[in-house]
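Please read it with the model open.

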Amino acid sequence: METMLTVETLEKSFKDKQAIRDISFDVRKGEIMAILGPNGAGKSTTIRNIMGIMYPDKGSIAFRGHNEIPRHKIGYLPEERGLYKNVKVMDILLYLAELKDYPLKKARERALSYLKKFDLEGQENSSVEELSKGMGQKVQFISSIIHEPELLILDEPFSGLDPVSQELFKTEIRSLAENGTAILLSSHQMNLVEEMCDRLFMMHNGKRVIYGDMDDVKEKYANFKCTIRGKNDPHVLENLPDVERIKQDEDTSVLYLARDVHPVSWLKHLPESLSVQELSIDRISLHEIFIDIATDQNLAQKEGAAYA
Ligand SMILES: Nc1ncnc2c1ncn2[C@@H]1O[C@H](COP(=O)(O)OP(=O)(O)OP(=O)(O)O)[C@@H](O)[C@H]1O
């Protein structure tokens, strides 16, 4: 897959605070790449450097191998929402398309088709201030793709959306990637990221902690957990082999198992005295991997892992 965006050893400080350091990744044509991390990890700083809103202290950013970034080929949905308030929806979409040198006739057609797709048919003459927050966000999303960008950067596209609108955004983002757009997406909704993204770059305290294919990351970091419904003594559960920690909530216990545990062999060692109404074994979710990393409990941190 062709590399559209290459970010290399990016560094940025604000006064004495180093916001990001040694950040390197790429985004390829037709893929959805997630940039993840807890609040303050440095995601928006990375994105703002890519967008030329600020300049890195060190490192480089290239589009298709060139350091000249063609802004008209990039679409950007910033974390800060907001469009000019007293302007009509169609006027703002055409204005933004024109800024990107996109033909106006085509832009109008695309705007009407997207407004229809996003349940905003007939709103082209409404002014932005008449729209609800979610409707405004849809218009802003349309404005980021109106000019058919080759690279699309979406900073928290799902925040503040109802489930139906989330689904609409999800479908559209997927279809853009299928049609060849390279997408860099930041989100805190791990279930959506897990479902949609091909690769991920996870950062913490301004540094990379995980970088790789979603499936490889899950295989490498998503240890198994065993969930048991039944009243059991936590000390007994904690002392079972290969149990790293447990979480108990009323009569449900979740046992987080060590790396490389083979679930079938592990099950054979459970004592018959355990109370079991239900039992399931799954790999932990991306959400749990994220929490482990954000709370310094896990793996990637302990290993000092830089996984690529
Ligand atoms: N303009 C700025 N001036 C000073 N410090 C800043 C500025 N922008 C970001 N920072 C600091 O840089 C660090 C990274 O912030 P950034 O906004 O990139 O994080 P983030 O991962 O996008 O977080 P969130 O998920 O909360 O949006 C934080 O410590 C933040 O306080």
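**Notes on the predicted model**

1. Asp155 has its place in strand 6 (residues 151-155), where strands (E, at least two residues) and helices (H or I, at least four) are DSSP runs numbered from the N terminus. Residues are numbered from 1 along each chain as its sequence is written. The model is predicted, so that local features need pLDDT of at least 70 and side-chain atom pairs count only at pLDDT 80 or more, whereas totals for chains, interfaces and linings use all residues.

2. Is Asp155 buried or exposed? Asp155 is buried, because 21 other C-beta atoms lie within 10 Å; a residue counts as buried with 20 or more other C-beta atoms within 10 Å of its own, as exposed with 12 or fewer, and as partly exposed in between, the C-beta atoms being placed from the backbone. Leaving aside residues up to four places away in sequence, Asp155 touches Ser44, Ile47, Leu77, Pro78, Glu79 and Ser186, a contact being a pair of C-beta atoms, placed from the backbone, within 7 Å. The C-alpha atoms of Asp155 and Ser187 are separated by 6.9 Å, although the two residues are 32 residues apart along the chain.

3. Around the ligand stand Phe14, Lys17, Ala19, Gly37, Asn39, Gly40, Ala41, Gly42, Lys43, Ser44, Thr45 and Glu79, a residue being near a molecule if its C-beta atom, placed from the backbone, lies within 6 Å of it. Strand 2 (17-28) and helix 1 (43-50) each supply at least two residues of this shell, and the largest share, 3 residues, comes from helix 1. By class the shell divides into 3 nonpolar, 6 polar and 3 charged residues, with Ala, Val, Leu, Ile, Met, Phe, Trp, Tyr, Cys and Pro counted as nonpolar, Asp, Glu, Lys and Arg as charged, and the others, Gly among them, as polar.

4. The largest nonpolar core has 63 residues, and Leu5, Ala34, Leu93, Leu151, Ile183, Leu200 and Phe201 have the most contacts inside it; such a core is a set of buried Ala, Val, Leu, Ile, Met, Phe, Trp, Tyr and Cys residues joined through C-beta atoms within 7 Å. Beyond residues up to four places away in sequence, Leu5 touches Asp26, Val27, Ile50, Phe63, Leu151, Ala182 and Leu184.

5. The protein is divided into domain 1 (3-218) and domain 2 (223-283), the bounds coming from an automatic or database domain assignment. Taken over C-alpha atoms, the centres of domain 1 and domain 2 are 41 Å apart.

6. Strand 12 (residues 252-257) is joined antiparallel to strand 10 by 5 bridges and to strand 11 (residues 243-249) by 6 bridges, pairing requiring at least two DSSP bridges between the strands. Arg229 stands opposite Thr252, and Arg245 opposite Tyr256. Ser253, Leu255 and Leu257 form the covered face of strand 12, while Thr252, Val254 and Tyr256 form the uncovered one. In a regular strand the side chains alternate between the two faces of the sheet. The hairpin of strand 11 and strand 12 has 2 residues between the strands, and there Glu250 takes a positive phi near 50°.

7. Strand 10 (residues 224-229) and strand 13 pair in the antiparallel sense over 6 bridges, with Arg283 as the bridge partner of Phe224.

Definitions and conventions: Contact = placed C-beta atoms within 7 Å.
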